[in-house]
Amino acid sequence: MGTGFILKGQILAFSASPFAGERPEDAALLQEAVAVKDGKIEDTGTLTEMQALLPEAALVDYTGKLILAGFVDAHVHYPQTAIIASWGKRLIDWLNSYTFPEEMRFGDRGYADEIASRYLDLTAAHGTTTVCSYCTIHPESVDAFFTAAQARGQRVVAGKTCMDRNAPDGLRDTAQSAYDDSEALIARWHGVDRLEYAITPRFSPTSTPEQLEAMGALWAKHPECLMQTHLSEQTDEIEWVKSLFPQARDYLDTYEEFGLLGAKGLYGHAIHLEERERHRLRDYGAALIHCPTSNTFIGSGLFDMAGLMAEGQRIGLASDTGGGSSFSMLRTMAAAYEIGQLRGTPLHAAQLLWLATQGSATALRMEGRIGNIASGMEADLVVLDLASTPAIAQRSGQAEDVWEAVFPTIMMGDDRAIAEVWIGGKPVTGR
């Protein structure tokens with residue numbers, strides 16, 4: 001048994017959702033130190049209290065820096081790492097021009113291993129400790145991602161992307177092979193170390209009704225798994241769905257009909273929702289995943305954060321790399337703020353940080369394990385330098401409280417703002 005660590009700095013945790021009360025900042029807890037032992041948070045409090053709790057622990061001094069839970073990215077495509085920031089397409093053309101040709105390469109396990117390692121290195125450098133990723137149709141792509149995450153001791157979610165139509169030759173499976181491959185991957189990986197499997201039909205247009213039915217049957221057999229897909233990202237996509245499923249009441253109905261609507265469902269984008277869809281998603285307690293840099297980069301639309309939160313929806317935040325244009329959850333928070341401004345509802349810094357940590361963890365049904373700093377939680381942490389560049393330092397230097405101090409880093413920060421990352425109670429970036 002290790003003697004543990006005590007991290008000294010400004011510890012930021014949450015006692016509630018900052019969307020719930022009148023003042024978002026009232027949901028935050030600020031402490032002086034956090035005690036870490038055997039990969040878990042022992043407690044937070046004053047430095048004296050933590051040293052009394054773990055008298056043999058090594059002191060790690062981050063005075064002047066902000067320590068919070070590691071960022072949780074609730075919707076990513078790790079196979080799109082190499083095509084991030086590809087120019088000039090909207091969703092369907094973007095998939096055909098960039099995504100599908102790149103995903104064809106992931107039947108090569110060596111290439112999948114290379115990209116999985118690169119992706120997890122890039123995201124850790126930006127303070128992200130947990131991701132929920134789509135893979136490709138190739139089981140090798142799932143094995144590569146889980147193997148890389150397991151070696152790093154990370155808590156991640158991933159699944160084989162299932163597509164049996166409207167995709168190129170060599171990038172389609174079948175209803176039966178999608179079921180069989182996914183079930184074998186669940187048996188191999190789900191619940192091993194810090195790994196969880198997500199059943200992953202890409203989206204309705206690339207699955208036949210038979211495949212959607214098979215995925216619904218698989219989810220019913222394995223309700224312990226999450227299920228991830230895309231919903232109502234662009235208006236032309238919605239029209240395409242209506243043409244493919246003429247009997248469906250709306251886009252969500254193409255999932256609901258086949259047993260793919262549930263409390264452990266993750267629905268990426270969810271920008272252009274109809275009233276019935278909003279009611280059904282809320283009634284089930286499903287999670288909507290906001291991908292702001294992707295929504296602006298691909299020209300999808302403006303997510304209704306304020307309205308959906310007011311309805312009681314469960315919402316996570318995500319980069320959606322590579323449709324999203326950054327690996328950084330700081331940049332993702334900045335884009336969420338900008339979209340809020342365009343809708344007349346700017347988000348408070350406390351709300352942005354909560355979305356990138358506890359909000360996304362809640363979407364992944366992991367809020368008791370990651371996404372916050374509290375006794376018994378897994379010790380995934382990010383240490384932010386709030387003066388990482390001259391431009392940020394001159395603004396944060398005038399701050400009158402922690403929110404004014406951290407907001408310039410949210411809006412202008414990049415990997416230089418990440419002073420250190422801890423995964424499973426150990427520092428990992430070597431900074």
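This is a predicted model: local features need pLDDT of at least 70, side-chain atom pairs count only at pLDDT 80 or more; totals for chains, interfaces and linings use all residues.
The structure holds 28 of them. A few stops follow.

**Stop 1: Arg 188 and Asp 143**

Select Arg 188 and Asp 143. Their side chains meet in a salt bridge, with 2.7 Å from N to O. Now show the helices. Arg 188 sits in helix 5, residues 175-189, and Asp 143 sits in helix 4, residues 139-152. The partners are 45 residues apart, so the pair links distant parts of the chain.

Is Asp 143 buried or exposed? Asp 143 counts as buried because its relative accessibility is 13%, and the cut-off for buried is under 20%. Arg 188 has 42% relative accessibility and counts as partly exposed.

**Stop 2: Asp 169 and Arg 172**

Move to Asp 169 and select Arg 172 with it. The two form a salt bridge, and their closest N and O atoms are 2.7 Å apart. Check the surface again. Asp 169 is exposed, at 58% relative accessibility. Arg 172 is partly exposed, at 36%.

**Stop 3: Arg 331 and Glu 338**

Next, pick Arg 331 and Glu 338. A salt bridge joins their side chains, at 3.5 Å from N to O.

**Stop 4: a network**

Finish with a group selection: Arg 155, Arg 194, Glu 196, Arg 369, Glu 378 and Asp 380. What links these residues? They are joined in a network of salt bridges.

How values were computed:
Residues are numbered from 1 along each chain as its sequence is written. Side-chain values use heavy atoms; hydrogens and water are left out. A salt bridge is a side-chain nitrogen of Lys or Arg within 4 Å of a carboxyl oxygen of Asp or Glu. Helices (H or I, at least four residues) and strands (E, at least two) are DSSP runs, numbered from the N terminus. Buried means under 20% relative accessible area, exposed over 50%, partly exposed in between (1.4 Å probe, protein chains only).
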